[in-house]
Amino acid sequence: KYSVFYTILQQRLKIVWGFVFLMLELKIVRALEKMAVFSLSDVSKITGSRNYSKQLLSRLVKNGTITHFFRDKYSFHSDALIVAGFLQPPSYVSCASALSFYGLISQMPKAVFVMTAKRAKTINYSTPIIFHSTKHFFGFNQVEINGFKIPMAEPEKAFIDSVGIHPIGLIIDALSELNQEKLLHYARKHNQLKRIGYLLEKKAPKIKKMPISSKYIFLDPLG
């Protein structure tokens, strides 16, 4: 009788502990879902155990719940625009991706373009994420996408970042919507004043011109 009793008790305890364990993992998962991108260290801070955190991450990757990008970067989110700015910090979404987000160009880019202070690289994801290295790390703010604050270039900075990366024909529609004073200020900091001046003069003749320079660099190679 005691043997049967203890067997039943053990079975019920397993069910109870299994339920408690499931609720604990659910709580951990919900905390991680609030992060665009997270690391083993982030998980360990929640669980208090690095070994358990490794096992949990391995299990979530294997069952397809999360994506392991490279090294120590993971995410629950499939939208490349959400994760792009957090994979290789410091970085920010820019170029055609930012201009498209602001509704300034009609063509949807086939990749997410990111400017980073680190080396250039490409990550294959739901949409490819292309990192371009830059020394001109300014002109971006945080925008909210699905509850996440994403580092993204201001429209004027996104336009200047695009020159030399995209064909001019892809981004030229945005020019008339930009703040010309800010555009020229950023162009000067980028050493792109003559290029941007040429575009304002030749590609957008209806825009009221500010004094720039009488000498421009011809942009035929860019479209």
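Helices (H or I, at least four residues) and strands (E, at least two) are DSSP runs, numbered from the N terminus. The views below show a predicted model, in which local features need pLDDT of at least 70, side-chain atom pairs count only at pLDDT 80 or more, and totals for chains, interfaces and linings use all residues. Residues are numbered from 1 along each chain as its sequence is written, and side-chain values use heavy atoms, with hydrogens and water left out.

**View A. Cys95 in helix α5.** Cys95 belongs to helix α5 (residues 95-101). Although Cys95 is not a glycine, its phi is positive, at about 55°. Cys95 is buried, with a relative accessible area of 0% (buried means under 20% relative accessible area, exposed over 50%, partly exposed in between; 1.4 Å probe, protein chains only).

**View B. Arg71 in the loop between β1 and β2.** Arg71 is exposed, with a relative accessible area of 69%.

View C. Strands pair if DSSP finds at least two bridges between them. Strand β3 (residues 91-93) pairs with β4 in the antiparallel sense over three bridges, and Ser91 stands opposite Thr116. Strand β6 (residues 129-133) runs parallel to β4, joined by five bridges, with Phe113 opposite Ile130.

**View D. The cis peptide bond from Pro89 to Pro90.** Omega of this bond is near 0°. Pro90 lies in the loop between α4 (80-87) and β3.
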